[in-house]
Amino acid sequence: MFTEIVAAGTKTGVQIYDLRRGTKLAQGLGVSVSGRYGFDLCDSWVAAVDSKKPLCHIYMLNRGDTSEKLKFPFPEEISCVHVLDRGTYLAAGAKSGRIMIWATASGRMLRSWDAHYGAVTSLSSSEGLLVSGGEDAAVHIWVLSQVLDHFATRDAAVTPIVSLTDHTLEITALHLALPGILSGRGRIYTASKDHTCKQWRVRIEYDGESYVGRAELLATLLYSGVVNDIAVDKGETRVFAATAAGLFQTNLFTYRNSNLEDSVKRVETELVALGGTSDVVLSEHNDRYPTADRSIVALCLNFDGSLLVSASETGDIRIWDTASRQCLRTINDKQLGTGVTQLSFRLAPPQLGGPRASVDMGLLRPEIIAEQPVPQKISSISFTPLQRLAQEAGSKISTTFEASVKQRLSDVTRDMAHFESMLNVSTPYSQTSYADAAVLESLRPGNKSSERQIVELLQQVERLQMHHTRTRRLNDELYQSTVTEWLSARQKK
């Protein structure tokens, strides 16, 4: 069975637990995480933003590790971070409204641009797209290939491909459904402090010159409190909302009676979607979870949508069964007493007890086996302290493919004429020129000059080997004598 882990951000650090057992697997201390997107993780490291100082803490994802591997300052106060492409890039949203993207292996800032009028509150990504939400109640969708193309947007401002502006208050959470936005099947869920969660269908197409995007509002879900966080199952049939009034579940599909004469038996039913561009799903369609905590600040779903994890302001983390809406387990940890601000779910990497896939390629049939290896700690990560500045204004943009020309190339017309004059067109392919024949003759095994050169080279190699042996023996003797003198001097003291 695959091991599922849940990471919780608190005022004292990042705590990682086994979802099924509730035991603590790892933790990172010394950072105060605040906000829905205060930290993010990949298979080998965790990046967390300190809410009190503009610092970034990098922790290795190992059992028992508590101190950070790296700690370096950000160029300004950061409100959220997001890991792109399994740790290849790191994106951060600032309180000034700017978004910055770095390459983690080199630490180079690839791009920094103004995205929102207020602080950036949420970040998410899928299929080469970056989605951001801010205090200005706007959600912007960016194409990363355009954003990171300096030559195409050097003089022009970076603009989003699509903007969603139907919310009236600050954006609190984002959810991108299964991949399919570029094919027109993807949906985006946005939550706001205006007590609503909206479902969008976004289509992005390439017309040969640039990307063109369109957004369509499908449904608006209304709740009785501020929506702090949302989660959607893989089938996109249920929306779970963490609000200030409790924990709710909204079914996006419901049964409608087709047989009007016998509506009690519901013999013939069909599944229809709720909401629409003009309809609002009101609170009577929301199923409330029986919990004593009124204000739920964060939640997340497991891989198959059977378990729901919620966190309250008091620091209680509860695991729910989504089918019966019953609480199965409560995680009790003293590190959670300061309050939980964020929850994140993922499959456990091998160093935390997760499986490691191995492929056995045979002659008859290939077999793919998921092994359960002995957890081994990772000793290094590909992460460099991030640059604070992207590129100085007015300076030339450098890339890894540029190379300066050291010498002017001569005209090739004269060289080609000389080469053609040296060719003997009348010579058959089976024959060789005089110069080639001379070279081949010098390389024949029976040639005395070549044999003499080979003998001289072998003698030189033998002399070098003897010299290397004597040098190594002398080095060993000097080392032994030095160690003996040092030990004798220490014993006398």
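Trainee: How confident is the predictor in this protein, going by pLDDT?

Mentor: This is a predicted model, and its pLDDT averages 79, with 75% of the residues scoring at least 70.

Trainee: What makes Arg36 and Asp229 a salt bridge?

Mentor: Their closest N and O atoms are 2.7 Å apart. The cut-off is 4 Å between a side-chain nitrogen of Lys or Arg and a carboxyl oxygen of Asp or Glu, so a pair at 2.7 Å qualifies. Arg36 lies in the loop between β3 and β4 and Asp229 in strand β20, so the pair ties together parts that are 193 residues apart in sequence. Both Arg36 and Asp229 are buried.

Trainee: And Asp43 with Arg346: which parts of the chain does that pair link?

Mentor: Asp43 sits in the loop between β4 and β5, and Arg346 in strand β31, 303 residues apart. Their salt bridge is 2.7 Å from N to O.

Trainee: Why is Asp43 called partly exposed?

Mentor: Its relative accessibility is 41%. Buried means under 20% and exposed means over 50%, so Asp43 falls in between. Arg346, at 24%, is partly exposed by the same cut-offs.

Trainee: Are Arg238 and Asp233 buried or exposed?

Mentor: Arg238 has 17% relative accessibility and Asp233 has 8%. Each value is under 20%, so both residues count as buried. They too form a salt bridge, with the closest N and O atoms 3.3 Å apart. The structure holds ten salt bridges.

Trainee: Why does Phe2 count as exposed?

Mentor: Exposed means over 50%, and Phe2 has 51% relative accessibility, so it passes. Phe2 is in the segment before β1, and together with Phe303 and Leu347 it makes a nonpolar surface patch of about 300 Å².

Trainee: Which residues touch the most other members of the largest nonpolar core?

Mentor: Trp113, Leu130 and Ile141 do, in a core of 51 residues. Beyond its neighbours within four places in sequence, Trp113 is in contact with residues including Leu130, Trp142 and Val158. A second, separate core of 21 residues includes Met100 and Phe383.

Trainee: What makes the phi of Glu127 worth a look?

Mentor: Glu127 is not a glycine, yet its phi is positive, about 55 degrees. Glu127 lies in the loop between β12 and β13.

Notes
Residues are numbered from 1 along each chain as its sequence is written. This is a predicted model: local features need pLDDT of at least 70, side-chain atom pairs count only at pLDDT 80 or more; totals for chains, interfaces and linings use all residues. Side-chain values use heavy atoms; hydrogens and water are left out. pLDDT is the predictor's confidence in each residue, from 0 to 100. Patches are made of residues with over 30% relative accessible area and no salt bridge: like charges are joined within 9 Å, nonpolar side chains (Val, Leu, Ile, Met, Phe, Trp, Tyr) within 5 Å. Accessible areas come from the Shrake-Rupley method with a 1.4 Å probe; for residues, only the protein chains shown count as cover. Helices (H or I, at least four residues) and strands (E, at least two) are DSSP runs, numbered from the N terminus. Buried means under 20% relative accessible area, exposed over 50%, partly exposed in between (1.4 Å probe, protein chains only). A nonpolar core is a set of buried Ala, Val, Leu, Ile, Met, Phe, Trp, Tyr and Cys residues joined through side-chain atoms within 4.5 Å. Contact means heavy atoms within 4.5 Å.
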